[in-house]
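Thanks for coming. I have one chain to go through today, and I will keep it brief.

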Amino acid sequence: MSSKLKLIKPIDYSKEIKITQFFIDPAMMEQQRQRIKAALPKEMNDETMMQYELLQLSIKDNVFSAIMNYLAEHFEFEIDQAEVKKLIEQLKASGLGAQREELLANMADKIIKKGLMFDYLSEQWKVKVSDNEVKNMLDIYYEKTNQSIHDVLNDRQKFESVRSSIFEEKMVLKTISMFLIRFNMQNPNYVEESETDKSSESKSVN
């Protein structure tokens, strides 16, 4: 990457990350639904299982996003705009061409910053993906799908693409594991009712 980052203050890993609300992207959820549908065996491919898997993914995504926002505060970023433009074109080519340019630029910025932080943190946390891990993942894929993996094993670019996917998942899980997470998602209507009840009690003459 031509973009750069610099650590500007120590990361406090004792920090408690609070989750106060969930954000769900309907388009992303539909993509996840289709991916899960393709991966699950037919006998497990029912709506209950689907909802469970989507819930787990939603929780993980929201927790990870909250942690990354916290981590980003500890770095100073130098983003190469040429890299942003290149990534915007890649996003358009991937099917996001209908999105506003501003939104695509924001997505590209986040992707670049995540990549920079992953590169830095993976060195700190000693996170790597060996050739054997990639081969084991391909073996699992073959067992589940019965589709040939020889083209991936014999194509270095495809092999490294699988390594990158495994690396990203390992970094997501490692990032989440580094912090204490607290969910504080109280229904605001419940709070209002409670406060109303307390107010009524304080005014009561009984």
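The chain exposes about 14,600 Å², and carbon and sulfur atoms supply 51% of that; areas come from the Shrake-Rupley method with a 1.4 Å probe, and for residues only the protein chains shown count as cover. This is a predicted model, where local features need pLDDT of at least 70 and side-chain atom pairs count only at pLDDT 80 or more, while totals for chains, interfaces and linings use all residues. Residues are numbered from 1 along each chain as its sequence is written, and side-chain values use heavy atoms, with hydrogens and water left out.

There are 8 helices and 4 strands, taken as DSSP runs numbered from the N terminus (helices H or I, at least four residues; strands E, at least two). Of the 206 residues, 26% are buried, meaning under 20% relative accessible area, with exposed over 50% and partly exposed in between (1.4 Å probe, protein chains only).

Now helix α4, residues 101-125. Its 25 residues reach 35 Å from first C-alpha to last, close to the 36 Å expected at 1.5 Å a residue, that is, 1.5 Å times one less than the number of residues. Buried positions in α4 include L104, F118 and W125. The buried residues of α4 pack against β1, α2, β3, α3 and α7, where contact means heavy atoms within 4.5 Å. Just after α4, K126 has a positive phi of about 60°.

Last, E76, in strand β3, residues 75-78. Is E76 buried or partly exposed? Partly exposed, at 45% relative accessible area. Leaving out residues up to four places away in sequence, E76 touches K4, L5, K6 and I8. The C-alpha atoms of E76 and I8 are 6.4 Å apart, though 68 residues separate them along the chain.
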